[in-house]
Structures are given as C-alpha cells and as structure tokens.
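Please consult the sequence and the structure shown here while reading.

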Amino acid sequence: MTSKPDAGTTFTQQYPAGTVLFEENDPGSRMYVIRRGRVRIYRKIGDNEMVLAVLGPGEFFGEMALLENLPRSANAQALDDVELVEVDAETFETMIRANIEIAVRMMRKLAARVRELDSRLHNVLVDSGVGRALEVLRWLLPKGKPEDAWVRVPASAVHIGVAAQAGLPPNEISRVFEVMTRAGCIRAHGADILIAGPAVLDDFSTYLDLKRRYEPTDAQIDSAPNAERDKEQALKRLLKALQIEPREMELQQESLSGQYRKYLTLKRRFEASRGLLG
Ligand code: CMP
C-alpha cells in the first residue's frame, strides 16, 4: 500500500487486489472515492456473502458511517489493484456544505441504491418460493462477470444460502430447484452448481412477474380482487387529470400490449417449467 497526500486531509491511497479495506461494524472515520479499479461491497450472512454492489471509478463508498455517525454497515474489498481518494469526516462535511453539486450527486446515488434494494425486497416479500430463491441466486453471483457467463458455486453453498435466505421449508427446496433447473437458471455439475448469468435470471424474474400479472392464480385473485381493473381505472383517471391526449392513451395501450407480447415470448422460452410454478 502506498499513499500520497492530495490536499489537506484528503489522501490518495493504493491497495493491491484482495485487500479488505474495512469490515462491517468497524468504526468509520473516512469515506472513499474510487479513482482506479473496482471495490466489492458485501455482507457476511453465516458462511455466505451477500454482494451488495461492485463499484468502479468515479463511485464512492464509506459515506454512511460518516453521515450517520455509526459503524460500517458492510465490508469493502478491493477486487483489482485500486487507487482511492480518502476523505476524513471533517473534510467530507466541509465539502458537502461548500459544494451543492457533490451533495446532489450523492443524494442521487443513495436514491438509486434505495430503489434497487426496494425492488429486491419486493421480490423477497411478494414472490413465490421460486422468486425468492431466484433473488438469493442473484446475491450469490459475483458481480462484474459478463452478463451471460455461468458461475460455478459449491452446491452446499447454494442449498444452504437458498434455504436460509429465501426462508424455504425443506420440502419446498427440491421443487424450487427443479423449476429453476428446467428454466435454465441452474445446472448440476458434480459437487457444484452452475448458476446462469444475470441476463437469464433477470428474464426469468420478469417472466414470473408478468405471469403473476397475466395469469394470476386463484389465491392471488382472491387476495387482490379487481386489482388489475382498479389499476387500469386509476391509470385512466390519472391520464385524464393530466389531460393526456387520446393518441397518447393509445400509445399507453400499445405499450401494455407490448408487455403482453414480451410475456408470451418469455412464456415460450420458459415453458419447460410450466405446471410446476405456483
Ligand atoms: P459505510 O456504512 O460507511 O460502510 C459500508 C459502505 O458500503 C457504506 O458506507 C456504503 O458506502 C456502502 N453500501 C452499503 N450498502 C450499500 C448498497 N446496498 N449498495 C451500494 N453500496 C452500499
């Protein structure tokens, strides 16, 4: 590790690939801006690691401990040889107060993180067992790999991770794995499991989402009576209130039917798992 002072209490530091920069619950006294390389942000859950983000040049991390005056919320590790600008708490506060542009950029970034976490939470809370298991698979994938690359993970880690994090009872797990295998999301490989890249997992997740919308099960219909019709009426009221022209309403309809077409395409692709999905 080498360091050179930049200005005042800001330093440029270099760390080799693999360096753990800090760990969850450490006290935090500085934040970091990445100049070169990638940094992995992750949490440890039992023996597993949940990757929250892989950040690259121009992105920052370690700001939460400073903003909230609390210990580190996650671990950070250099994925490559990295060069980081390190800013201490006092300089950070002065920078934010003096430069609204920095504060706005930071708020945008934090909003994007909350949005991503909201969507993951939605999958975990609302989806079927398959949807929740799929979300856990996404967490297990190391980020930064090509979208279509298969990733090899020990089968025990996948089974334990999915059972524990998706909250699936033992009798449900084999059904969920069978569905995901037939959908092409996972593949058995000796003592390992191959997990398809994020592109396939995202498509299957979209398929589950659209399936819920276009082919709700009886239980879903009972628990949310008229939800779709109410939504449609609410959309019409909103368009009227916003004085949107009929042509634009048609375009809205077209985009809805575009979604249905997408659903049919995905359904054909994933129909091997038809009949198994609950
Ligand atoms: P801090 O809590 O100081 O240390 C861990 C850092 O990881 C945290 O600040 C954020 O900068 C970053 N971090 C925490 N959660 C996420 C997330 N969900 N996505 C991206 N970065 C995160």
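Are α4 and α6 roughly parallel or roughly perpendicular to each other? The model is predicted, so local features require pLDDT of at least 70 and side-chain atom pairs pLDDT 80 or more, while totals for chains, interfaces and linings use all residues. Residues are numbered from 1 along each chain as its sequence is written, and side-chain values use heavy atoms, without hydrogens and water.

Helices are DSSP runs (H or I, at least four residues) numbered from the N terminus. Axes are lines fitted to C-alpha atoms over the stretch in contact, and angles run from 0 to 180 degrees between N-to-C directions.

The axes of α4 and helix α6 (residues 170-182) come within 10 Å and cross at roughly 70 degrees. The two helices α4 and α6 are therefore roughly perpendicular to each other, a term for angles of 65 to 115 degrees; under 35 counts as roughly parallel, over 145 as roughly antiparallel, and the rest as oblique. Contact (heavy atoms within 4.5 Å) joins Gly-129, Val-130, Ala-133, Leu-134 and Leu-137 of α4 to Glu-172, Arg-175, Val-176, Val-179 and Met-180 of α6.

Helix α4 (residues 129-140) also packs against helix α5 (residues 155-166) at an angle of about 125 degrees, with the axes 9 Å apart. That angle makes α4 oblique to α5. On the α4 side, the contact includes Arg-132, Val-136 and Trp-139; on the α5 side, Val-158, Gly-161 and Gln-165 are among the residues.

With helix α7 (residues 198-214), the axis of α4 comes within 10 Å and crosses at roughly 160 degrees. Helices α4 and α7 are therefore roughly antiparallel to each other. Val-130, Gly-131, Leu-134, Leu-137 and Arg-138 in α4 meet Leu-201, Asp-202, Phe-204, Ser-205 and Leu-208 in α7.

**The ligand**

How many residues surround the ligand? There are 14, and the closest are Gly-62, Glu-63, Ala-65, Arg-72 and Ser-73; a residue is near when one of its heavy atoms lies within 4 Å. The table lists polar contacts, which are pairs of N or O atoms within 3.5 Å.

| Residue | Residue atom | Ligand atom | Distance |
|---|---|---|---|
| Gly-62 | backbone N or O | oxygen | 2.8 Å |
| Met-64 | polar backbone atom | oxygen | 3.4 Å |
| Arg-113 | side-chain N or O | nitrogen | 3.3 Å |

Technical notes. A polar contact is a pair of N or O atoms within 3.5 Å; within protein, one must be able to donate a hydrogen and the other to accept it, and residues adjacent in sequence count only if both atoms are side-chain atoms.
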